[in-house]
Amino acid sequence: MKKVKKLHIILFGALIGIINGFFGGGGGMVVVPLLNKLFGLEQKKAQATTLFVILPISLVSTIVYMCYNSIDFKSGWPVIVGIILGGVIGATALNKLNNKVVKGIFIFFMFLGGIGMLIW
């Protein structure tokens, strides 16, 4: 891992927290490239570490959203079932694919997400 100053790590963490809290889990789009380029982590390790970093941020954001009564639990619970199943499949696939393929898939979905934002 590349040597990065602690202050930079804290500032990047704060930025990621703001993005995740604002977009509802979208911090991964920033964390993966950050870990990959600034910290020198390989693509698969950067993506797996991102999940580790995003989990506590998501929990804190969820609590804040709950305090403001902003969550639609009726719609959310069925989605959770699919997310858990998809998470197991995705994590298993991540471990079986090589870094170049994983990076290509990540770039593809980031591109699709950007196009989708422009269209909708």
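**Exercise 1. Is Thr-49 buried, partly exposed or exposed, and at what relative accessibility?**

Solution. Start with the ground rules. This is a predicted model, in which local features need pLDDT of at least 70, side-chain atom pairs count only at pLDDT 80 or more, and totals for chains, interfaces and linings use all residues. Residues are numbered from 1 along each chain as its sequence is written, and side-chain values use heavy atoms, with hydrogens and water left out.

Step 1: set the cut-offs. Buried means under 20% relative accessible area, exposed means over 50%, and partly exposed lies in between (1.4 Å probe, protein chains only).

Step 2: apply them. Thr-49 has 25% relative accessibility, so Thr-49 counts as partly exposed.

Step 3: Thr-49 lies in helix α3. Helices are DSSP runs of H or I with at least four residues, strands are runs of E with at least two, and both are numbered from the N terminus.

Step 4: list its partners. A polar atom of the Thr-49 side chain lies 2.7 Å from the backbone oxygen of Lys-45. Beyond four places in sequence, Thr-49 touches Leu-35 and Leu-41. Contact means heavy atoms within 4.5 Å.

Step 5: Phe-108 is 59 residues away along the chain, and its C-alpha atom is 20 Å from that of Thr-49.

**Exercise 2. Describe the overall fold.**

Solution. Step 1: count elements. The protein has five helices and zero strands. The order along the sequence is α-α-α-α-α.

Step 1: size it. The C-alpha trace spans about 40 × 35 × 30 Å along its principal axes.

Step 2: look at burial. The protein has 120 residues, and 20% of them count as buried.

Step 3: look at contact range. Among contacts with a separation of 6 or more, 57% join residues 24 or more positions apart.

**Exercise 3. Which residues of helix α2 are buried, and what do they pack against?**

Solution. Step 1: helix α2 covers residues 28–37. Its buried residues are Gly-28, Val-31, Val-32, Leu-34, Leu-35 and Asn-36.

Step 1: these buried residues pack against α1 (6–23), α3 and α5 (99–119).

**Exercise 4. Compare Lys-44 and Gln-47.**

Solution. Step 1: locate them. Lys-44 is in helix α3, and Gln-47 is also found there.

Step 1: check burial. Lys-44 is buried. Gln-47 counts as buried because its relative accessibility is 18%.

Step 2: check Gln-47. Its side chain makes a polar contact of 2.8 Å with that of Gln-43.

Step 3: list contacts beyond four places in sequence. Those of Lys-44 include Leu-94, Asn-95 and Val-102. Gln-47 touches Val-32, Leu-94, Val-102 and Phe-106.

**Exercise 5. Which residues make the nonpolar surface patch?**

Solution. Step 1: name them. Met-66, Phe-73, Trp-77, Ile-80, Ile-84 and Val-88 form a patch of about 610 Å².

Step 1: assign helices. Helix α4 (residues 73–96) gives the largest share, five residues. Met-66 lies in helix α3 (residues 43–67).

Step 2: check Met-66. Its relative accessibility is 46%, so Met-66 counts as partly exposed.

Key
Patch = residues over 30% accessible without salt bridge, like charges linked within 9 Å, V, L, I, M, F, W, Y side chains within 5 Å. Areas by Shrake-Rupley, 256 points an atom, 1.4 Å probe, with all protein chains shown as cover. Salt bridge = Lys/Arg side-chain N within 4 Å of Asp/Glu carboxyl O. Lys, Arg positive; Asp, Glu negative; His and termini not counted. Polar contact = N/O pair within 3.5 Å; in protein donor to acceptor, adjacent residues only side chain to side chain.
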